[in-house]
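Here are some friendly notes to read alongside the structure. Keep the model open and look for each residue as you reach its point.

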Amino acid sequence: ITYTFFGGLGLGIDLHVRCFGALPPLPRLGLTMTLPAGFENFTWLGRGPEESYRDRKAGTPLGLYRSTVRDQFVPYVMPQEHGNKTDVRWAAFSNAGGMGLLVMGEPLMEVSASHFSADDLYQAMHTNELVARPEAILNLDVAQCGLGGNSCGPVTLDKYLVWPGAFHLNLLLRPFGPNDSLTRLGREWIGPRAFRRQSAPRYQYCVRQKVGPAGRGQRYPPG
């Protein structure tokens, strides 16, 4: 992961993932972060308004959608992942005062936001056992496995699985205020090549982590 700080613009995140070894298909690949309590308003340019996955998106047209983090929850009998959005160009989260965070991705990304962490969902057997967090858990994925129908039908087709390999996702995290136009800011995606052309001050920090088949990680210094 390479983090690049652009003065007056935001934070660039360049994510390169290379999976190796005898690994099974992967559930998802991406980043997870926590947004402060109050960042409830959710706007995105991608597929919607309902949740969608790589094998469940034909009925979710591309468009500009507005909702809330709270409304992303789907009360499945057994708590599980929910509210995913596919083919997302940008997503924005804001508080009641209009202050927020805009996330732009290249290539298109998958985005989900929830008041429950993955561990919260895993530990609960029924929806009444869930306790919503005040903060929002934000997932920004380069790829996520399809759903399939193995609970009552066939397993996920091979073409919708996430097989080990090399993956890349370039993100720009940009703050905005109540007077900013999200559609205008969303069109100002500058991409990785333009990152290198920016005249604004840049400060980079690189983190490399190598994960082997046993799941043990090793952290390497920049360079």
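**Notes on the model**

1. Strands 7 and 8 run antiparallel and are joined by 5 bridges. Two strands are called paired if DSSP finds at least two bridges between them. Helices (H or I, at least four residues) and strands (E, at least two) are DSSP runs, numbered from the N terminus.

2. Before going further, please keep in mind that this is a predicted model, in which local features need pLDDT of at least 70 and side-chain atom pairs count only at pLDDT 80 or more, while totals for chains, interfaces and linings use all residues. Residues are numbered from 1 along each chain as its sequence is written, and side-chain values use heavy atoms, with hydrogens and water left out.

3. Now for the overall picture. The protein chain has 3 helices and 12 strands. Of its 223 residues, 44% count as buried. Buried means under 20% relative accessible area, exposed means over 50%, and partly exposed lies in between (1.4 Å probe, protein chains only). Among contacts between residues at least 6 apart in sequence, 69% join residues at least 24 apart; a contact means heavy atoms within 4.5 Å. The chain exposes about 12,400 Å², and carbon and sulfur atoms supply 56% of that area. Accessible areas come from the Shrake-Rupley method with a 1.4 Å probe, and for residues only the protein chains shown count as cover.

4. How many residues of strand 8 are buried? In strand 8 (residues 136-144), 9 of the 9 residues are buried, so this strand is largely enclosed by the rest of the structure. Strand 3 (residues 28-35) also runs antiparallel to strand 8, with 8 bridges joining the two. Within this pairing, Met33 stands opposite Leu138.

5. Look next at the aromatic rings. A search of the whole structure finds 4 aromatic pairs. Rings of Phe, Tyr and Trp (its six-membered ring) pair if their centres lie within 6.5 Å; planes under 30 degrees apart count as stacked, over 60 as edge-to-face and the rest as tilted. Phe73 and Phe116 form a tilted pair, at 5.2 Å centre to centre and with 50° between the planes. Phe73 lies in the loop between strand 5 (62-68) and strand 6 (85-94), and Phe116 in the loop between strand 7 (100-114) and helix 1 (118-123), so the pair ties together parts that are 43 residues apart in sequence. Phe73 is partly exposed at 27% relative accessible area, whereas Phe116 is buried at 11%. Elsewhere, Phe42, Trp44, Tyr65 and Phe93 form one aromatic cluster.

6. Which charged side chains meet? The count comes to 8 salt bridges, each a side-chain nitrogen of Lys or Arg within 4 Å of a carboxyl oxygen of Asp or Glu. One of them joins Arg28 and Glu81 (3.3 Å, N to O). Arg28 is in strand 3 and Glu81 in the loop between strand 5 and strand 6, 53 residues apart. Another joins Arg70 and Glu40 (3.6 Å, N to O). Arg70 is exposed, with a relative accessible area of 55%, but Glu40 is buried at 15%.

7. Asp87 deserves a visit of its own. Its place is in strand 6, and it has a positive phi of about 50° although it is not a glycine. Asp87 also forms a salt bridge with Arg47, with the closest N and O atoms 2.7 Å apart. Arg47 lies in strand 4, so the pair ties together parts that are 40 residues apart in sequence. Arg47 is buried, with a relative accessible area of 19%.

8. Two peptide bonds are worth checking too. Most residues other than glycine have a negative phi, and most peptide bonds are trans. A cis peptide bond joins Gly48 and Pro49, with omega about -5°, and Pro49 is found in the loop between strand 4 (41-47) and strand 5. The bond from Glu106 to Pro107 is also cis, with omega near 5°; Pro107 lies in strand 7.
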